[in-house]
Amino acid sequence: MAPQRELNDTDPQALRWRYEQRVQQARAARSLSLEQALDLWQQARDIAQTLGDADCISYCLLELAQIANDLGDNAKSMQWAEQVIELGHPEHCVQAYLLKGYIHMRHSSAAQALSMLLRAKSLIDAKQLASFLGLYYHREGMIFHNVGDYQRARDAYWRAIDHLKEDACEPRATLLANIASCYWSTRDYEKAVGIARRALAVSETCPDLVQLIDPAKNAFIWMTAALAFVEVHDLEQAWRYAQQAQDATQHDSANVYMRMLGAFVVGHVLSRLGRHDEAEESLQAALAATDQQGFSGAAIVIHRSLAELYKGQERYREALEQYEAYNALYEILQKQEYQTAIEIRMQEAREADRRQFERLTQLKDEVLQATTHDLKSPLTVFGVYLTLLAKSVAPLDAQVKGYLDEMQRTVHSMNQLVIDILDLATLEAGHLDTQPVDLSELLDYLSAESRLLAMQQEIDFDEQRQDQQALLMADPIQLERAFRNLLSNALKFTPSGGTIHISTELEGDSLLIHISDSGIGIPEEALPRLFDRFYRAPGAASIGAGSGLGLAITKAIIEQHGGQISVESVVDQGSVFSVRLPLVTEKQSASA
């Protein structure tokens with residue numbers, strides 16, 4: 001017998017061991033009792049919080065959100081899912097968005113459900129989480145299914161199947177059952193039976209489903225089979241699967257939605273078997289669950305089944321009441337389907353525009369980069385020859401020398417433009433050589449340099465700074481370039497007798513740097529485009545030549561360092577460029 005392990009609440013190893021034990025216990029309890037599993041996951045989360053392990057906390061919160069959803073506690077499920085999203089673990093965030101979308105869908109909030117799914121899809125694409133595409137398309141199919149767009153629902157379910165692994169028999173069986181349900185909803189009962197048989201065959205190859213480790217996982221497959229078989233008058237098969245589904249939904253691992261569906265299926269089959277009293281009792285229980293939980297999408301088919309049951313018993317007043325309730329819900333769902341269809345079309349159009357824009361941007365960048373690379377070498381050679389030619393011109397031939405000087409200046413400008421374009425492409429690709437940088441030292445150096453230049457131009461230069469030991473992770477060469485660009489512009493556009501002022505201030509874990517001048521200012525209409533490539537504000541050309549890339553490069557450098565840059569300006573009064581950069585915190589510095 002292994003010795004009992006001594007646990008210490010402050011010992012990280014002991015806490016980690018306790019955490020892993022709770023997680024194992026919670027996973028095992030999931031197929032036995034949702035309430036017990038919920039309690040164990042809460043214990044695991046509390047231990048993870050003591051450990052300070054954000055990923056473990058996020059994982060526990062995700063499990064809690066899913067179990068709360070199964071228990072019908074939508075508010076708690078949404079709250080925990082939102083906490084998962086706040087923690088920012090990409091894979092957990094995707095699942096949290098999909099869960100929130102599922103809850104919205106189940107309560108017939110199709111537009112909100114679609115919004116959650118689109119956030120999940122954006123994250124899947126951005127982080128290249130292809131393993132979640134199967135789950136994404138499954139949820140997408142459920143939204144279309146719930147609003148009655150069965151063709152789109154089937155297409156999404158088939159796409160989900162295409163993204164499953166070969167051995168993923170359990171989700172494959174469930175997806176086939178969903179497809180069969182779509183055919184049942186459109187009264188294509190032969191296809192519904194055919195797909196239902198495939199779902200049953202797949203489920204028989206899945207060890208967990210065959211061994212009934214978690215009977216609730218079989219429930220939806222059996223429900224779909226029961227509904228399909230009853231419509232082709234195979235009542236014996238229909239009743240057998242309805243009973244199996246009912247037994248499975250009574251298991252502690254079954255969620256409230258599955259229990260409601262189970263009651264509906266049993267009632268629907270009992271109605272066809274002529275056992276009217278039992279059918280009414282089961283259908284009314286299912287309807288009460290939809291009222292309690294807000295499952296309006298499911299309520300519509302229950303109202304229809306009750307109406308048909310009462311009509312068959314010649315209880316016409318009660319049948320009419322059920323048909324009226326059915327029609328009222330049907331109109332609501334039709335409006336939701338129309339609104340969802342519009343939202344889907346708009347999103348598809350936006351997505352197509354985004355992909356086209358990305359293709360054009362990539363093509364433009366490739367052409368621009370290839371062109372600049374091709375230009376760089378001949379420009380260098382041309383410049384060398386111009387220098388040699390200038391040295392061979394007779395000193396008295398001033399006119400020719402003037403032409404050569406102008407040509408050299410032009411070649412130099414073109415060469416600088418090529419370098420700027422290549423640098424900007426490198427920056428936008430995120431290529432930085434970061435290291436700890438003391439920003440106060442960098443600003444000291446640049447301020448001393450700019451002060452000398454300002455004196456030569458008879459410009460006042462002053463500072464008011466609070467940046468002692470302002471440490472950040474940065475590429476020192478690129479950061480120096482960004483601030484030199486801003487200071488150079490201030491010197492260029494401020495006349496003699498003007499003022500340039502640098503101020504810095506700490507704000508939380510960030511440093512704000514303001515570079516202001518009393519220069520010519522920038523027209524208000526030019527401000528939105530000021531950081532665009534090749535844009536030059538009106539009046540700038542008369543001051544001095546430039547490529548129009550300086551501020552675009554500055555903005556790219558600041559943003560690649562996790563910062564922001566903005567500008568305020570008034571014509572003939574001056575401009576203020578403000579930069580915010582994140583500093584290294586004491587905790588980050590210690591861990592580094």
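1. Gln-128 counts as exposed because its relative accessibility is 71%, where exposed means over 50% relative accessible area, buried under 20% and partly exposed in between, for a 1.4 Å probe and protein chains only. Gln-128 sits in the loop between α6 (110–127) and α7 (133–146), helices being DSSP runs of H or I with at least four residues, numbered from the N terminus. Its phi is near 55°, a positive value in a residue other than glycine.

2. The model is a predicted one, in which local features need pLDDT of at least 70 and side-chain atom pairs count only at pLDDT 80 or more, while totals for chains, interfaces and linings use all residues. Residues are numbered from 1 along each chain as its sequence is written, and side-chain values use heavy atoms, with hydrogens and water left out.

3. Glu-314, in the loop between α16 (296–312) and α17, also has a positive phi, near 60°, and with a relative accessible area of 59% this residue is exposed. As background, most residues other than glycine have a negative phi.

4. Helix α17 covers residues 316–392 and contains Ala-390, which counts as partly exposed because its relative accessibility is 22%. The C-alpha atoms of Ala-390 and Tyr-403 are separated by 9.6 Å, the two residues being 13 apart along the chain.

5. Helices α4 (residues 74–87) and α5 (residues 90–106) pack at an angle of about 155° with their axes 8 Å apart, the axes being lines fitted to C-alpha atoms over the stretch in contact and the angle running from 0 to 180 degrees between N-to-C directions. That angle makes α4 roughly antiparallel to α5, a label for angles over 145 degrees.

6. Leaving aside neighbours within four places in sequence, Val-94 is in contact with Ala-120, Leu-123, Ile-124, Leu-129 and Phe-132.

Key. Helices (H or I, at least four residues) and strands (E, at least two) are DSSP runs, numbered from the N terminus. Contact means heavy atoms within 4.5 Å. Angles under 35 degrees count as roughly parallel, over 145 as roughly antiparallel, 65 to 115 as roughly perpendicular and the rest as oblique.
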